[in-house]
Amino acid sequence: MTAAGVIREGELEKRSDSLFQLWKKKAVVLSKDSLSLFSPEAGKARGGGGKELRFGSIQKVDCVERTGKYVYFTIVTTDRKEIDFRCPGESCWNASITMALIDFQNKRAIEDFKSRQEAADGTCSASC
């Protein structure tokens with residue numbers, strides 16, 4: 001990931017998949033095409049150890065709820081997996097992630113449309 005592609009860096013809490021579902025702090029890097037999660041100890045060491053959620057595999061940011069000082073939200077993947085997060089209300093991480101995801105999906109839709117148009121134009125000029 002290049003520094004130019006980074007939209008925002010900071011910290012989120014992710015609910016673990018374990019039986020006790022504890023909240024764990026994660027260092028996060030939001031880029032134009034993914035959300036990368038790292039343990040706070042590893043920081044944003046780009047050498048690995050983190051988990052990258054690519055926007056191509058994210059369906060939506062869902063279930064935004066504000067209780068007390070936290071905003072809770074869920075990232076739903078294209079294979080229907082739900083990943084729960086929370087952040088301090090004033091940090092607006094859910095909005096940042098949602099806007100980056102929408103931007104990514106819009107760009108992908110435009111590219112798909114253009115490639116379909118080019119394919120249709122190519123078909124027509126070959127057979128018209």
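# Loops, core and charged pairs

Gln21 has a relative accessible area of 43% and is therefore partly exposed, where buried means under 20% relative accessible area, exposed means over 50%, and partly exposed lies in between (1.4 Å probe, protein chains only). This is a predicted model, in which local features need pLDDT of at least 70 and side-chain atom pairs count only at pLDDT 80 or more, whereas totals for chains, interfaces and linings use all residues. Residues are numbered from 1 along each chain as its sequence is written, and side-chain values use heavy atoms, with hydrogens and water left out.

The protein has one helix and seven strands, which follow the pattern β-β-β-β-β-β-β-α when read along the sequence. Helices (H or I, at least four residues) and strands (E, at least two) are DSSP runs, numbered from the N terminus. Of the 128 residues in the protein, 31% are buried.

Gln21 belongs to the loop between strand E1 (6-15) and strand E2 (23-31), and its phi is near 50 degrees, a positive value in a residue other than glycine. Arg80, in the loop between strand E6 (70-77) and strand E7 (82-88), also has a positive phi, near 70 degrees, without being glycine. At 60% relative accessibility, Arg80 counts as exposed.

The loop between E1 and E2 also holds Leu19, which is exposed, with a relative accessible area of 77%. Together with Phe20 and Leu22, Leu19 makes a nonpolar surface patch of about 410 Å². Patches are made of residues with over 30% relative accessible area and no salt bridge, like charges being joined within 9 Å and nonpolar side chains (Val, Leu, Ile, Met, Phe, Trp, Tyr) within 5 Å. Accessible areas come from the Shrake-Rupley method with a 1.4 Å probe, and for residues only the protein chains shown count as cover.

Which residues touch the most other members of the largest nonpolar core? Of its 20 residues, they are Leu12, Leu35, Leu53, Phe73, Ile75, Phe85 and Ile97, where a nonpolar core is a set of buried Ala, Val, Leu, Ile, Met, Phe, Trp, Tyr and Cys residues joined through side-chain atoms within 4.5 Å. Two or more residues of this core come from each of E2, strand E3 (34-38), strand E5 (58-67), E6, E7 and helix H1 (93-127), and the largest share, five residues, is given by H1. Leaving aside neighbours within four places in sequence, the residues in contact with Leu12 include Phe73, Phe85, Cys87 and Ile97, contact meaning heavy atoms within 4.5 Å.

Val71, placed in strand E6, is buried, with a relative accessible area of 3%. Although Val71 and Phe85 are 14 residues apart in sequence, they are 8.4 Å apart in space, C-alpha to C-alpha. Not counting residues up to four places away in sequence, Val71 touches Phe85, Arg86 and Cys87, among others.

A search of the whole structure finds zero disulfides, a disulfide being a pair of cysteine sulfur atoms within 2.5 Å. Cys87 is buried at 1% relative accessibility, whereas Cys92 is partly exposed at 39%.

Side chains of opposite charge can pair when their charged atoms come close. The whole structure contains eight salt bridges, each a side-chain nitrogen of Lys or Arg within 4 Å of a carboxyl oxygen of Asp or Glu. The table gives some of them.

| Salt bridge | N to O distance |
|---|---|
| Asp33 and Arg54 | 3.1 Å |
| Lys60 and Asp62 | 3.5 Å |
| Asp103 and Lys107 | 3.1 Å |

In the salt bridge between Asp33 and Arg54, Asp33 lies in the loop between E2 and E3 and Arg54 in strand E4 (residues 51-54), so the pair ties together parts that are 21 residues apart in sequence. Asp103 and Lys107, by comparison, are four residues apart in helix H1, which means that about one helical turn separates them. Salt bridges that share partners also join Glu11, Glu13, Lys25 and Arg86 into one network.
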